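Have the structure open while you read.

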Amino acid sequence: ANMGNSTAQFRMGALHASGALGVKQDPTQALLYYYFSSLAGNPLAHTALGYRHMFGLGVPKSCETAVRYYELAANAAVEQIELEGIESVKDYERLGLGTAGFSRYSQGGNDEDLVDYYKHSADKGDSNSQFTLGQYYYYGVRGVDRDLEIAANYFSEAARSGDPSAQTSLANMLVRGH
């Protein structure tokens, strides 16, 4: 980290933010590491700083500053897609859509039941279910065909309930012209 490696800087920031692995929790030190990692172009650091500015965690609360950092992270993702193709991003991480080993092509036979459960909960106003269904439709997973219009509708419902992940996903769709 001290030699300018942005990944190491981000990881040190995460360690200082969480106090994990015996590292003393120090929010100021975490911000410093995130900042230098972000300056070096690390998209995870952009996201961490965006989150902190969005909620005023150790920094002045500023939606405008948060959007700037999130935009840097989104632009880095677009660049990665342009260089490596969409599959590299899809396979990198599934954004919490399941447990380790989650696959687009499910091994189990209960996807339909799972999707029905989330639809039932979403219809009752559960923002977590709305967000999850938005992710399913956005990526076309769990036996659901990719449908950006339905994804946007679910993200919108969850966003109206104040779900920050849904707000971010909806904003990401709008930025990408979906």
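Helices are DSSP runs (H or I, at least four residues), numbered from the N terminus.

Ala166, Ser169, Leu170 and Met173 are the buried ones to look at in H9, where buried means under 20% relative accessible area with a 1.4 Å probe and protein chains only. They share one side of H9, because they cover an arc of only 95° around the axis, taken from the directions from the helix axis to the C-beta atoms. Helix H7 (127–139) and helix H8 (148–160) are among what covers them, with contact meaning heavy atoms within 4.5 Å.

## The ends of H9

At the start of H9, aspartate 163 has a side-chain oxygen within 2.9 Å of the backbone nitrogen of serine 165. Just after the helix, glycine 177 adopts a positive phi of about 80°.

## Aromatic pairs

There are eight aromatic pairs in the structure. Rings of Phe, Tyr and Trp (its six-membered ring) pair if their centres lie within 6.5 Å; planes under 30 degrees apart are stacked, over 60 edge-to-face, and the rest tilted. One of the pairs is phenylalanine 10 with tyrosine 34, a tilted one at 5.6 Å centre to centre and 35° between the planes. Phenylalanine 10 sits in helix H1 (residues 6–18) and tyrosine 34 in helix H2 (residues 27–39), so this pair ties together parts 24 residues apart in sequence. Phenylalanine 10 counts as buried at 17% relative accessibility, and tyrosine 34 is buried at 6%.

Then there's tyrosine 118 with tyrosine 136, an edge-to-face pair with 5.8 Å between centres and 80° between planes. Tyrosine 136 is buried, with a relative accessible area of 2%. Ring pairs also bring in Tyr117, giving a cluster of Tyr117, Tyr118 and Tyr136.

## A charge over a ring

Arginine 146 lies over the face of tyrosine 138, 5.0 Å from the ring centre. To count, NZ of Lys or CZ of Arg must be within 6 Å of the ring centre and within 35 degrees of the ring normal.

## About the model

This is a predicted model: local features need pLDDT of at least 70, side-chain atom pairs count only at pLDDT 80 or more, and totals for chains, interfaces and linings use all residues. Residues are numbered from 1 along each chain as its sequence is written, and side-chain values use heavy atoms, leaving out hydrogens and water.

Technical notes: Buried means under 20% relative accessible area, exposed over 50%, partly exposed in between (1.4 Å probe, protein chains only). Helices (H or I, at least four residues) and strands (E, at least two) are DSSP runs, numbered from the N terminus. A polar contact is a pair of N or O atoms within 3.5 Å; within protein, one must be able to donate a hydrogen and the other to accept it, and residues adjacent in sequence count only if both atoms are side-chain atoms.
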